Structure formats: structure tokens, C-alpha cells
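Reader: I've got the sequence and model open; can we walk through the ligand sites together?

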Amino acid sequence: MTVWILGDQLSHESVPLQHDDHVLMIEAHGFGERLPYHPQKLVLVFAAMRHFRDELRERGYEVTYIEAETFGEGLDQFYDAAPGTDLVLMDPPSHGAGERLRELVAERGGSLTLVENDLFLTTPDEFDAWAGDADTYRQENWYRHVRRETGILMDGNDPAGGEWNYDDENRETPPDDWSPPEVPRFEPDEVTREVIAFVRERYPDAWGSIADDSFVWPVTREQAVAALDHFVEVRLREFGAYQDAMVEGEWALCHSLLSATINLGLLGPREVVDAAEDAYRRGDAPINSVEGFVRQVVGWREFMRHVYRRSMPELAQANQLDQTESLPEAYWTGETDMNCLSEAVGHVYDHGYAHHIERLMVLANFALIYGVDPQELDRWFHLGFVDAYDWVTTPNVVGMGSFATDVLSSKPYASSGNYVNKMSDYCADCEYAVSKTTGENACPFNALYWDFLKEHESVLRGTGRMGLMYSHVDRKDDEEWDAIRARAAAVRQLGRDGTL
Ligand code: FAD
Ligand code: SF4
């Protein structure tokens, strides 16, 4: 048997590696041309794979490492040298991937055994037993179930601190004189520098920055552990209070920046929540921070993985609101007078990253109320982010961000400029007036928001928790609606013209 390790399975603890010391890794370069992927994402995956290969060799594994155009070509090379080899692989979470790889191997005369993917905290069987035959799911119920079952952040049968959820203590904005902790930098070594040079040369159309000092992501287990330690010691304390905040010029705030590292397998979900819980038990971090972090990992991350698994392939194509607009040009150029959008797109271009609230309440929210085709938005998120993988990007973008299906939430995350104004300092420096809904320099979010509610009334009015919003809709007269529609149409035209 030989263990086949994919680029997002870089864990020394994975079960198959405990049983076999022959390993196959294939670095498939053609994959990186399917979309103009962010160059930092390409560097991250290839550099992390090469470091993992070297670490395995140091530990005594015999690693066959193949650089090829496709998995098929890589397997051709492998089977030419080792005909008939039986491979074992942890089942990849992306829809249908395991079966496709099994076929590729079978076509070359080998066999592929798929085993459980142990890089998640919960198993498919656990979720399926919890969900039964439901086809819509609610995160909060799942989250409490997992905490009860695992004992994470529990005091006996009760949640630590007395509450399950401290969401309402995650919504502060920092004072003007506050500055966030410095982002940890993991300087590229020779292996990574070689990959950076390769990516620059091979993928000239990649969208995003790979300036000399821009690549700072962990690429080894040792760096991953240092990143986790840094988060727990330096960022976690204020993470909770400022979890939903946005600050001009700051891309990271107190977020953990660990998603890409966890998604690669360099850190395990259990170890990151244990580290956060330990800080709480030691009295080093408050409950609103620790619970907030645990909720994201144990609740949302695991939930998304299972909802995706059970809802594909329909999820990827969902479009219950029949949205058809193209993404405004500003998502590609970052050139817009909308300060919030320009900041958020700039963060993605520069770092392959924007934090959750910029993703949800700026980038996805604006696309949602503007009317962007969910699949087009999904592609943009897939190519732009260092932590993007189908199993996590698709449910977040198509489900949570675009409300293209009600499988994981009962209402859209749609808001006017008020939300951005409340949670950020962006509006103060913006060319648009957040206080205005109609007219020349009115904040584009405002008219689009009301137009969105009116346009999709038949789907949205009856859904959970939209009653208050529709009571405002009902109070507007025809004249107001005419002005709102005119402004919304003008905003969409600006978006199409690239002059937002
Ligand atoms: P923190 O704010 O520090 O949160 C801690 C951890 O919780 C993250 O590292 C991540 O592992 C996990 N997490 C939090 N929210 C989610 C979530 N909704 N789904 C899955 N994991 C979550 N996450 C990705 O990993 N890849 C994506 O491609 C991705 N695309 C997204 C697209 C949209 C439109 C939205 C709204 C969210 C998306 N997310 C995605 C989820 C979330 O925004 C990121 O995981 C998070 O911002 C990563 O930054 P961080 O590590 O600093 O997170
Ligand atoms: Fe964004 Fe509107 Fe605020 Fe400008 S005024 S930053 S466009 S929410």
C-alpha cells in the first residue's frame, strides 16, 4: 500500500500515515490555470506540499513526489514505475472528488481505497445521525449538539460561562486610538522562494498580489503551531469584542488568520479550539472571545462541510432568487468610490484574505442586493482567497452570502449602508453619503437594499425574521419607490460601466 496525500491533507497525524511508510504526492500545475487563482494561494499550496514532503522524508517515509500537469499525468508516471500499486487516500471533502480519483487510478491498473477524512472534528455519520432526513439545517442547533457531545467549552451539562452563544458581545467597534496587533509574518525560505518564482512565471494571469514582501502565510507545521500560539497569546483576548468590526487600513484586526492553515491540514480543528479553551480556563481570554472562536470552528466550519456534502450537486447551481447580473468591475479593479468595497477588494487582492464581516456584509451583501449571479460570485471567491476550497467556499458564498438556497439559513444576510456605518469607520471617508438613499451621491447600498426587498418580496416576506423589514417596506409610498428604483437602476449602470 502507498498513501496518496493531497495538497489539503498535510497532517502528520492522519490515520493512513500511521500504517504505511510509502507516500505519493502529485503537484498538479494545470489545475492552477482553471481560474486566475490568487498567486498567494498557488504558492501556499505548492510550498506547503514541498515542505511536507521534506518533513516526511526526514521522518523516514519514502515519498514519491511528482510534478505534472494533471493528476492523470502524475498517475501515469507513478504507475509506469510501480505498476499495480494499491493506493489509500483520505476521502477529499469536495463533491465527487474521491470517486473521480478512484476512476483515474483504476484506468491505470491500480486500486484506490478511500478512507474517512480525519481532518475534521465530526464525522459524516455523526452529522447524518443528528440531521436525519432533513434537507434544511440550522447551525446553532448543530453547534450546541457538538459541544454537548464533545464537552468542548462545557462545565458538566452546561455551557461554560452560562450561555451557549455570546454573539451579542461580538459587536463592538474599537476606539479611534486603537491599533490591532501586528500580523505574524513567516518569511519565505529557499523552498518557498523557488515556488514564488515558479508561480510568477507560470501563472502570469493570476489575480492578486505576489509582491516581494507580500507572502506571509505559514507553510510548515512548525510555522502553523507558531501562528496558533500567536493567535492565542496576542489576538484572542480582543477577538471577541471586535469580531464584527471593520477598520480603514486594517485587513486582519484580531482575526486568527488560521483558515488557510486549518484547511491545508497543518492544524487540526480540535487542537485550535482546545488551545482557545485552555486560554479561557487559565483566565487569559474572556468567554466572548473564546466562545466566538469555538463557534466559528466547531459550529460553522463543521456545519458547512456537512451541509455541502448533503446538498451537492444542487447547492452549487442554486439560484432561488434568479439573480443574473455580472459582478461589477470594481471586484476586479478595486477602483470605486465606495470606500468599503474598495477596502475589502484591496484586502483580497493584496493578501488573498478578507475577514468574515468584509466577506459577508460588504463583498457578498453588495453582490446580493445588486443582483449578481451566485455562481459568478462563487467563482470570484474561489479564485481570490487563500483559504478557498469547494467544500467551504460554495456553501458560504452560494448559501450564506447569496441566499441562493434556504438550506442553511432562513433569511438573507442583506443590509443597507447602515450596517457598514455601524460596524466600521469606512463611511466617514467615503465619497457617497450613507445617510442618503436616493439622489446623486447616495450610498449605493441603500437604494439597492430596498429595491432588493421589494423585488424579491414573494420569496422573502414569508421567511423567518423578515417581518420588521417588511413593515418598513410597507410604509413607503409610490413616489419613494420610484426614486428608489431609479437610484438602484443608476447604481447598477455605474457597476456595469466600471464607474461605481
Ligand atoms: P476567524 O474569524 O479567526 O475564525 C476562526 C475560524 O473559524 C476560521 O479560521 C475558520 O476555520 C472558521 N470559520 C469561521 N467562519 C466559518 C465559516 N462560515 N465557514 C467555515 N469556516 C469558518 N472560509 C474558508 O475557510 N474558505 C472560504 O473560501 C471561505 N469563503 C467564504 C465566503 C463568504 C462569502 C463568507 C461569508 C465566508 C467565507 N468563509 C470561508 C468563512 C470565513 O469568512 C473564513 O473562514 C474566515 O474569515 C477566515 O479568517 P480567519 O481564519 O481569520 O477566521
Ligand atoms: Fe460603503 Fe455606503 Fe459607507 Fe460608502 S457610504 S463606505 S459605499 S456603506
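Reader: First off, where does ligand 1 lie relative to domain 2 and domain 3?
Author: Keep in mind that this model is predicted. Domain 2 covers 124–180 + 217–311, and domain 3 covers 330–497. Both give residues to the shell around ligand 1, so the ligand lies between them.

Reader: OK, and how many residues surround ligand 1?
Author: The closest ones are His255, Ser256, Ser259, Gln296 and Arg301. Elements giving two or more residues are α9 (259–264), α11 (287–311), α15 (356–370) and α17 (390–401). By class, the shell has three charged, ten polar and 15 nonpolar residues. The count around ligand 1 is 28 residues.

Reader: Moving to ligand 2, which element gives the most to its shell?
Author: Here 14 residues surround the ligand, with Cys340, Gly417, Cys427, Cys430 and Cys443 the closest. Two or more residues come from each of α14 (339–351), α18 (417–423) and α19 (444–455). The top contributor, with three residues, is α18.

Reader: How many charged residues does the shell around ligand 2 have?
Author: Go through it by class: eleven residues are nonpolar and three are polar. For charged residues, the answer is none: the shell has no charged residues.

Reader: Last one: does Ser458 count as buried or exposed, and why?
Author: Ser458 sits in helix α20, residues 457–460. Leu321 is 137 residues away in sequence but 9.9 Å away in space, C-alpha to C-alpha. Ser458 has 7 C-beta neighbours inside 10 Å, so it counts as exposed.

How values were computed:
Residues are numbered from 1 along each chain as its sequence is written. Chains are lettered from A and ligands numbered from 1 in the order in which they are written. This is a predicted model: local features need pLDDT of at least 70, side-chain atom pairs count only at pLDDT 80 or more; totals for chains, interfaces and linings use all residues. A residue is near a molecule or strand if its C-beta atom, placed from the backbone, lies within 6 Å of it. Helices (H or I, at least four residues) and strands (E, at least two) are DSSP runs, numbered from the N terminus. Ala, Val, Leu, Ile, Met, Phe, Trp, Tyr, Cys and Pro count as nonpolar, Asp, Glu, Lys and Arg as charged, and the others, Gly among them, as polar. Domain bounds come from an automatic or database domain assignment. A residue is buried if 20 or more other C-beta atoms lie within 10 Å of its own, exposed if 12 or fewer, and partly exposed in between; C-beta atoms are placed from the backbone.
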